Amino acid sequence: MRENLDENAPNFTSNLPVPALKLLDCSLRVSVIPLSIATIWLTVTNKQDNISYGKLEFSNFTGLKYMVCISTISAAYAFLATMASWIRCLVTKAWLFFVSDQIVAYLMLTSGAAVMEILSLASNGDRTVSWSEACSSYGRFCSRMKVALVLHALALCSFIVLAVISAYRVFSMFEPPAASHKEVDEERT
């Protein structure tokens, strides 16, 4: 570990001041909340009735229910993490934010991929298994799902940046590994 560290404040070696990094972190966490809520609202309220094929709702698709669940988790986590980032005793727990940000980012990635597959099948169909495309019959449903997926992707991008920031915070607390004498001699020759 680095010497002369204040135990209550993490040490950042970047030219970026700590308050700016904390402001960026907090802003990204806060931005995830409305993006996730909008994703949930668009998905849950999405339904369309077709005379030929019947009613289509989000609850007909496991992938959409999974995205709603993960969006709920990400919004709740973003809110709690924003509050926790201002509590001094939790700010020093960089590993907690690092692991949590990674987990939420991966969960959001998997749920976004599930919805992307649903939209791909709805838009293009799959002729090899005799599935026809459905977006021509359920255009409004598909359009709303595309918007929800874009909002979900924006929230995912925020969490990817948050994961990088939290990784920086964790790994900046340690010195880089020392090079052995043999490696130094090889570099000189």
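This section describes the fold, nonpolar cores, surface patch, annotated spans and salt bridges of a predicted model.

The protein comprises six helices and two strands. Read from the N terminus, these elements follow the order α-β-β-α-α-α-α-α. Of the 189 residues in the protein, 38% are buried. Among contacts with a separation of 6 or more, 77% are accounted for by residues 24 or more positions apart. The accessible surface of the protein amounts to about 11,500 Å², and carbon and sulfur atoms contribute 65% of that surface.

The largest nonpolar core contains 34 residues, and the members that touch the most others are Leu 64, Tyr 77, Met 108, Val 115, Phe 141, Met 145 and Phe 159. Two or more residues of this core come from each of α1 (18–44), α2 (62–84), α4 (94–124) and α5 (139–171). The greatest contribution is made by α5, which supplies ten residues. Another core lies apart from this one and has five residues, including Ala 94, Phe 98, Ala 167 and Met 173.

Within the largest core, Phe 141 is one of the residues with the most contacts to other members. When residues up to four places away in sequence are not counted, Phe 141 touches Asn 46, Lys 47, Gln 48, Leu 56, Glu 57, Phe 58, Phe 61 and Leu 64. With neighbours within four places in sequence set aside, the contacts of Phe 58 are Thr 43, Val 44, Asn 46, Leu 64, Lys 65, Val 68 and Phe 141. Phe 58 and Thr 43 are 15 residues apart along the chain, and their C-alpha atoms are separated by 6.3 Å.

A nonpolar patch on the surface is formed by Trp 95, Val 99, Ile 103, Phe 171 and Phe 174, which together have about 470 Å² of accessible area. Helix α4 gives the most to the patch, with three residues. Ile 103 belongs to helix α4. This residue, Ile 103, is classed as partly exposed because its relative accessibility is 47%, a value between the limits of 20% and 50%.

In an unreviewed UniProt entry, the annotation "transmembrane region" is assigned to residues 20–44, 64–87, 103–122 and 147–168. For residues 64–87, the model is 88% helix and 0% strand, with the end C-alpha atoms 35 Å apart. Residues 147–168 are 100% helix and 0% strand, and the end C-alpha atoms of this span are separated by 32 Å. Ser 71 is located in helix α2. Its relative accessible area is 1%, so Ser 71 is buried. Apart from neighbours within four places in sequence, Ser 71 is in contact with Ser 36, Thr 39, Ile 40 and His 152.

Side chains of opposite charge can pair when their charged atoms come close. The model has four salt bridges. One of the salt bridges joins the side chains of Asp 25 and Arg 29, with an N to O distance of 2.9 Å. Both residues, Asp 25 and Arg 29, lie in helix α1, where they are four residues apart, or about one turn of the helix. Asp 25 counts as buried because its relative accessibility is 2%, and Arg 29 is likewise buried, at 1% relative accessible area. Arg 29 also meets the side chain of Asp 101 in a salt bridge, at 2.8 Å from N to O. Asp 101 is in helix α4 and Arg 29 in helix α1, so this pair ties together parts that are 72 residues apart in sequence. Both partners, Asp 101 and Arg 29, are buried. A network of salt bridges links Asp 25, Arg 29, Asp 101 and Arg 169.

A salt bridge is also found between the side chains of Glu 57 and Lys 55, at 3.4 Å from N to O. With a relative accessible area of 26%, Glu 57 is partly exposed, whereas Lys 55, at 51%, is exposed. Glu 57 is also among the residues that Phe 141 touches.

Methods: Residues are numbered from 1 along each chain as its sequence is written. This is a predicted model: local features need pLDDT of at least 70, side-chain atom pairs count only at pLDDT 80 or more; totals for chains, interfaces and linings use all residues. Side-chain values use heavy atoms; hydrogens and water are left out. A nonpolar core is a set of buried Ala, Val, Leu, Ile, Met, Phe, Trp, Tyr and Cys residues joined through side-chain atoms within 4.5 Å. Buried means under 20% relative accessible area, exposed over 50%, partly exposed in between (1.4 Å probe, protein chains only). Contact means heavy atoms within 4.5 Å. Patches are made of residues with over 30% relative accessible area and no salt bridge: like charges are joined within 9 Å, nonpolar side chains (Val, Leu, Ile, Met, Phe, Trp, Tyr) within 5 Å. Accessible areas come from the Shrake-Rupley method with a 1.4 Å probe; for residues, only the protein chains shown count as cover. UniProt positions are given in the numbering used here, feature names are shortened, and annotations may be inferred rather than shown by experiment.
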